[in-house]
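Have the viewer open as you read.

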Amino acid sequence: MFNFYRQIFVLGILSLLHAAYSAAQHRSYLRITEQEFDGLPFDIFVQGVVSLFMSMYGILYLAGEFKEVRAIEELECKTWETLHNTPSFYIFNHRGKALSSNKS
């Protein structure tokens, strides 16, 4: 079943790329024939929308299980000391050494 959703996703992305290429080709055709751009043809528009929904459908099932939106379930198991522990902000090389009277 996983392979099916991957095929849907790949087919949607390829179809979306084809719709984009067709839109660019239509735009260049209008420039060559010196016509005004009024919008995309209906078939290119429908192909773009359908392929967008196909790729969204495929990627939703490929992504796996979603996490809970409420953060309280994840934070309930942590203690107060570990909650605000952010080691990425630790700085060991700071100007306090220059102000220290102990020169070593």
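This is a predicted model: local features need pLDDT of at least 70, side-chain atom pairs count only at pLDDT 80 or more; totals for chains, interfaces and linings use all residues.

What about Tyr5? With a relative accessibility of 13%, Tyr5 counts as buried.

Phe4 and Tyr5 also make an aromatic pair, edge-to-face, with 5.5 Å from centre to centre and 65° between the planes. Tyr5 has another partner: Tyr5 and Tyr57 pair edge-to-face too, at 5.9 Å between centres and 65° between planes. Tyr57 is partly exposed because its relative accessibility is 39%. Searching the whole structure turns up four aromatic pairs.

Now follow helix 1 itself. Its 31 residues reach 45 Å from first C-alpha to last, close to the 45 Å expected at 1.5 Å a residue. Its buried residues include Tyr5, Ile8, Gly12, Ser15 and Ala19, with His26 and Leu30 also among them. What do the buried residues of helix 1 pack against? They pack against helix 2. UniProt, in an unreviewed entry, places a "signal peptide" at residues 1–24. In the model that stretch is 96% helix and 0% strand, with its end C-alpha atoms 35 Å apart.

Past helix 1 comes Glu34, which has a positive phi near 55°. Most residues other than glycine have a negative phi, and Glu34 is not a glycine. Where is Glu34 found? Look in the loop between helix 1 (2–32) and helix 2 (42–62). Glu34 counts as exposed because its relative accessibility is 74%. Also worth a look is Arg27, whose charged end sits over the ring of Phe37, 4.4 Å from the ring centre.

Zooming out, the protein has five helices and zero strands, so the pattern along the sequence reads α-α-α-α-α, with helices defined as DSSP runs. Of the contacts with a separation of 6 or more, 68% are between residues 24 or more positions apart. Buried residues make up 14% of the 104 residues. The accessible surface comes to about 9,400 Å², and 63% of that belongs to carbon and sulfur atoms.

Conventions: Residues are numbered from 1 along each chain as its sequence is written. Side-chain values use heavy atoms; hydrogens and water are left out. Helices (H or I, at least four residues) and strands (E, at least two) are DSSP runs, numbered from the N terminus. Buried means under 20% relative accessible area, exposed over 50%, partly exposed in between (1.4 Å probe, protein chains only). Contact means heavy atoms within 4.5 Å. Accessible areas come from the Shrake-Rupley method with a 1.4 Å probe; for residues, only the protein chains shown count as cover. UniProt positions are given in the numbering used here, feature names are shortened, and annotations may be inferred rather than shown by experiment. The expected span of a helix is 1.5 Å times one less than its number of residues. Rings of Phe, Tyr and Trp (its six-membered ring) pair if their centres lie within 6.5 Å; planes under 30 degrees apart count as stacked, over 60 as edge-to-face and the rest as tilted. A charge sits over a ring if NZ of Lys or CZ of Arg is within 6 Å of the ring centre and within 35 degrees of the ring normal.
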